[in-house]
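Q: Let's learn to read a protein model, one feature at a time. Please show me the sequence and structure to begin.

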Amino acid sequence: MKTPLTDRLWDLIGTQLGRPDGVIGRLVGRILNRGNRATVAAAVAAADPPEGATAVDIGFGGGIGLGLLLARIGDTGTVHGVEVSPTMIDQVRRRYRNDIGSGRLILHTTAMHDLPLPTETVDAVVSTNTVYFIDDLTTAFTEIARVLRPSGRLALGVGDPTAMARMPFTENRFRLRPITEITDHLETAGLTVVGKERLTDEGAVEFHILICEKK
């Protein structure tokens with residue numbers, strides 16, 4: 001049964017998942033790294049950046065995807081980490097200070113719709129569990145299409161809306177959309193879904209990875 005106390009708790013959790021902040025945010029970042037490792041790894045594999053590539057992780061949270069991308073692009077590639085949460089930026093800056101020092105990792109405190117990257121310079125973009133917190137998906141996806149090279153690829157990870165709706169905290173701060181609605185926004189932005197992967201738990205679909213290329 002919902003009470004004012006539980007409602008405030010779920011609202012706090014939803015807020016922190018969308019933009020981790022402070023002491024609680026640092027804890028959320030560590031939880032995200034553990035809980036989302038399999039889905040982030042699947043998205044990185046789907047994006048498949050080659051050695052020497054320029055790759056971007058948008059909304060990297062605890063930063064597990066940054067490490068996976070760095071391992072793929074090698075010493076001659078570059079990873080850009082994009083995150084709206086200064087707390088997550090600070091946490092990742094400490095964790096990957098050597099990669100930042102060498103120039104292999106560059107961090108940006110900004111949102112998906114305002115990427116500080118030149119047009120058609122990116123080989124691979126990964127973004128997982130971000131679309132719930134974005135109002136204007138077409139504008140955000142158009143910005144991704146802008147920075148991708150003609151041969152580039154986006155791997156977008158999205159929780160299954162039916163599964164997400166069962167989680168009490170998604171009633172607060174989350175905007176759950178049907179997968180077909182998300183693919184419509186991608187198409188409008190100039191990104192074609194060329195592949196789909198599903199991660200399941202006990203036979204039920206829990207997560208979708210939409211693999212996209214520029215039209």
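Q: Which is Thr128, buried or exposed?
A: Start with the cut-offs: buried means under 20% relative accessible area, exposed means over 50%, and partly exposed lies in between, using a 1.4 Å probe and protein chains only. Thr128 has 9% relative accessibility, so Thr128 counts as buried. This is a predicted model: local features need pLDDT of at least 70, side-chain atom pairs count only at pLDDT 80 or more, and totals for chains, interfaces and linings use all residues. Residues are numbered from 1 along each chain as its sequence is written, and side-chain values use heavy atoms, with hydrogens and water left out.

Q: What does Thr128 touch?
A: Contact means heavy atoms within 4.5 Å. Leaving out residues up to four places away in sequence, Thr128 touches Val40, Ala43, Ile58, Gly59, Gly157 and Phe207.

Q: Where is Thr128 found?
A: Helices (H or I, at least four residues) and strands (E, at least two) are DSSP runs, numbered from the N terminus. Thr128 is found in strand β4, residues 122-128. Seven of the seven residues of β4 are buried, so the rest of the structure largely encloses this strand.

Q: What is the order of the strands in the sheet?
A: Strands of a sheet pair through backbone hydrogen bonds, either parallel or antiparallel. Two strands pair here if DSSP finds at least two bridges between them. Seven strands form an open sheet, in the order β3-β2-β1-β4-β5-β7-β6, and the pairing is mixed. The edge strands, β3 (105-109) and β6, each pair on one side only. From one strand to the next, the twist averages 15°.

Q: How many bridges join β4 to β5?
A: Six bridges join these two strands, which run parallel. For example, Val125 has Leu154 as its bridge partner in β5. β4 also pairs with β1 (residues 54-58), in the parallel sense, over three bridges. There, Asp57 has Val126 in β4 as its bridge partner.

Q: Which way do β5 and β7 run, parallel or antiparallel?
A: They run antiparallel, joined by seven bridges. Val158 has His208 in β7 as its bridge partner. β6 and β7 pair in the antiparallel sense too, over ten bridges. Arg198 stands opposite His208 in β7.

Q: Which residues of helix α3 are buried?
A: First the general idea: an α-helix has 3.6 residues a turn, so residues three or four places apart point the same way. In α3 (residues 37-47), the buried ones are Thr39, Val40, Ala42, Ala43, Val44, Ala46 and Ala47. Their cover includes α4 (64-73), β4, β5 (148-159), β6 (191-201) and β7 (204-214). After α3 comes Asp48, with a positive phi near 55°.

Q: How do α3 and α4 pack?
A: Two packed helices are described by the angle between their axes and the distance between the axes. Axes are lines fitted to C-alpha atoms, for helices over the stretch in contact, and angles run from 0 to 180 degrees between N-to-C directions. α3 and α4 pack at about 35°, with their axes 9 Å apart. Arg37, Val40, Ala41, Val44 and Ala45 in α3 meet Ile64, Gly65, Leu68, Leu69 and Arg72 in α4.

Q: What is a nonpolar core, and how many residues has the largest one?
A: A nonpolar core is a set of buried Ala, Val, Leu, Ile, Met, Phe, Trp, Tyr and Cys residues joined through side-chain atoms within 4.5 Å. The largest has 58 residues. Among those with the most contacts inside it are Phe141, Ile144 and Leu154. Not counting residues up to four places away in sequence, Phe141 touches Met112, Val131, Leu156, Ile182, His185, Leu186, Ala189 and Leu191.

Q: How many aromatic pairs are there?
A: Rings of Phe, Tyr and Trp (its six-membered ring) pair if their centres lie within 6.5 Å; planes under 30 degrees apart count as stacked, over 60 as edge-to-face and the rest as tilted. By this rule the count is three. Tyr132 and Phe174 form a stacked pair, 5.5 Å centre to centre, with 25° between the planes. This pair links distant parts of the chain, 42 residues apart. Both Tyr132 and Phe174 are buried. With Phe133, they form one aromatic cluster.
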